[in-house]
Amino acid sequence: MSSSGRVISGKEVAQHNSRESCWIIVHGKVYDVTEFLDDHPGGSKIILKYAGKDATAEYDPIHPPDAIKTHLPPEKHLGDVDPQTVLKVEVEVTDQEKARMDRIANRPSLSEILNLHDFEAIARAVMPEKAWAYYSSAADDEITNRENHAAYHRIWWRPRILRDVTHVDWSTTILGHPSKMPLYITATALGKLGHPDGELNLTKAAAKHGVIQMIPTLASCAFDELVDAAQPGQVQFLQLYVNKDRAITKKFVQHAEERGIKGLFITVDAPQLGRREKDMRQKFEAEDPAEVTGNNQENKVDRSQGAARAISSFIDPGLDWKDIPWFQSITKMPLILKGVQCWEDALQAYDLGLAGVVLSNHGGRQLDFSRSGIEVLVEVVRELRARRGLSFPNEKFQLFVDGGVRRANDVLKAVALGATAVGVGRPFLYAFSSYGFEGVDHALQILHDEFEMNMRLLGARTLKEVVPEMVDASSLQSHIVAVPGDRLYDSNYESMQHARLREVKSKM
């Protein structure tokens, strides 16, 4: 039985400060994590640092609000702590952190940020190293991560001239809901790694600019907190990782529908996490050195996936096409499959009566050498036209793309090829990681200005005039074709590293 009604003094909690008996405080609640130490994907060292103390400040950025309640059995929830008696953790400001704070103080003004690449460059400089590694990392050799962006460079425009473009309009509807741009803020996990307000920055900016935010299952902010922060009439979607316990999934989905969520995007490309090696290399620093270097492989715990593994262990690898009718039975929200990577699966989704698909490879974070969403878009449009007589964009079965977008120019290429809208993720993370809400606000204004310019230069007065005849995508499938390099993107890309010696000593 849990003694959750009990009030515990900070003095009693402080006595449980060892590997043998380890209690921590999170959000005013006391938890016994002794038996969890060796299973914590982030390593035991970081927990032991807060043994007998308040760990909330460390916990918040890298865990969804209910993670500790979900992963610890009820009997380990010991009760409330008397806040007046809690032992405070003394935070040591390292030289590395002081240098980072100096870089934050020397950020350029927002008026000097001219494009989304600039946000990425500043974020890389001012974010904590582990947070940057989590956001920027991708699977294996990160080929797909880079291909997502490079693919847009193999599509060239065929603009029209002598059209009156005094007034241009790039607004659209997504699943029947108005959007001032043909894009949405797609779901990304753990927003508080980059900023204390996390995904709330996105909610506020989406409201201001009339675009739609997709709330992630693994947000740092609570789901209801993000819904409560929305303005009246603001449209939000939900990205869903399907829990092995279908009762939990059903409760979450139906709660989301009751709260007014307008679309359910079911992630289907993550039955197992990809190997994100930049992120993985950060994890060992948080572990006890003896446990990392020890030779006892029998009892060794695989912590290589770090926080990502901790927060995603509930995801069901058994999710199957046969589950689709069940989803259709528990909600009336439009259902979209997020992570479709070939026309055969898009066709099956259409035949099952789904509202659409997101052609996505999870930002290059899952299976390396997956093709870009924009390349898959071309084949899906071709095959669904040939096999079902569909034309795109299509209100009844909508195609979305995400991954690699850095310009409004990229978005318009996807629209020309048949997409209803494009999901943008990392650029907005970098925007609030470097400048908070004002960063996301400015990022969306930059895109607004780029849309206006590009629509005029294309000779398109509305998105209906951004048509396939305006693009030459004949080189899209030629993965080795030479294109001019994107210097801004390449300068931000941080090369992967080999394993290195722990300490290099002079031979002299």
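The questions and answers below concern the cavities, one serine and several salt bridges of a predicted model.

Trainee: How many cavities of 30 Å³ or more does the structure hold?

Mentor: Rolling a probe the size of a water molecule over the atoms shows where empty space is left. In this predicted model, the number of cavities of 30 Å³ or more is 2.

Trainee: How much space lies in the largest cavity, and which residues are closest to its centre?

Mentor: The space in the largest cavity comes to about 570 Å³. By class, its lining has 17 nonpolar, 14 polar and 6 charged residues, and among the elements that give two or more residues to this lining are α7 (129–136) and α19 (426–458). Of the 37 lining residues, the closest to the centre are Ala 187, Thr 188, His 362, Gly 363 and Arg 365.

Trainee: Which elements give two or more residues to the lining of the second largest cavity?

Mentor: This second cavity has a volume of about 110 Å³, and its lining has 4 nonpolar, 3 polar and 5 charged residues. Among the residues that line it are Glu 120, Trp 132, Arg 406 and Tyr 430. The elements that give two or more residues to this lining are α7, α19 and α20 (487–492).

Trainee: Is Ser 370 buried or exposed, and with which side chain does its own side chain make a polar contact?

Mentor: Ser 370 has its place in the loop between β13 (356–359) and α17 (373–388). Its relative accessible area is 8%, which is under 20%, so Ser 370 counts as buried. Leaving aside neighbours within four places in sequence, Ser 370 is in contact with Thr 144, Gln 341 and Asn 361, and its side chain makes a polar contact, at 3.1 Å, with the side chain of Gln 341.

Trainee: How many residues apart are Glu 120 and Arg 406, whose side chains meet in a salt bridge?

Mentor: The side chains of Glu 120 and Arg 406 meet at 3.4 Å, N to O. Glu 120 is buried at 8% relative accessibility, and Arg 406 is buried as well, with a relative accessible area of 6%. The pair links helix α6 (residues 116–126) with the loop between β14 (398–402) and α18 (408–416), and the two residues lie 286 residues apart.

Trainee: In the salt bridge between Asp 441 and Lys 208, which residue counts as exposed?

Mentor: These side chains meet at 2.9 Å, N to O, and they link helix α19 with helix α9 (residues 200–209). Asp 441 is buried, with a relative accessible area of 15%. At 52% relative accessibility, over the 50% cut-off, the residue that counts as exposed is Lys 208.

How values were computed
Residues are numbered from 1 along each chain as its sequence is written. This is a predicted model: local features need pLDDT of at least 70, side-chain atom pairs count only at pLDDT 80 or more; totals for chains, interfaces and linings use all residues. Side-chain values use heavy atoms; hydrogens and water are left out. On a 1 Å grid over the protein atoms alone, a cavity is a set of points where a 1.4 Å probe fits but cannot get out, and a pocket is an open set with protein on both sides within 12 Å along at least five of seven lines; lining residues have an atom within 4 Å of a point. Grid points are joined across faces, edges and corners, and a volume is the space filled by probe spheres set on the points. Helices (H or I, at least four residues) and strands (E, at least two) are DSSP runs, numbered from the N terminus. Ala, Val, Leu, Ile, Met, Phe, Trp, Tyr, Cys and Pro count as nonpolar, Asp, Glu, Lys and Arg as charged, and the others, Gly among them, as polar. Buried means under 20% relative accessible area, exposed over 50%, partly exposed in between (1.4 Å probe, protein chains only). A polar contact is a pair of N or O atoms within 3.5 Å; within protein, one must be able to donate a hydrogen and the other to accept it, and residues adjacent in sequence count only if both atoms are side-chain atoms. Contact means heavy atoms within 4.5 Å. A salt bridge is a side-chain nitrogen of Lys or Arg within 4 Å of a carboxyl oxygen of Asp or Glu.
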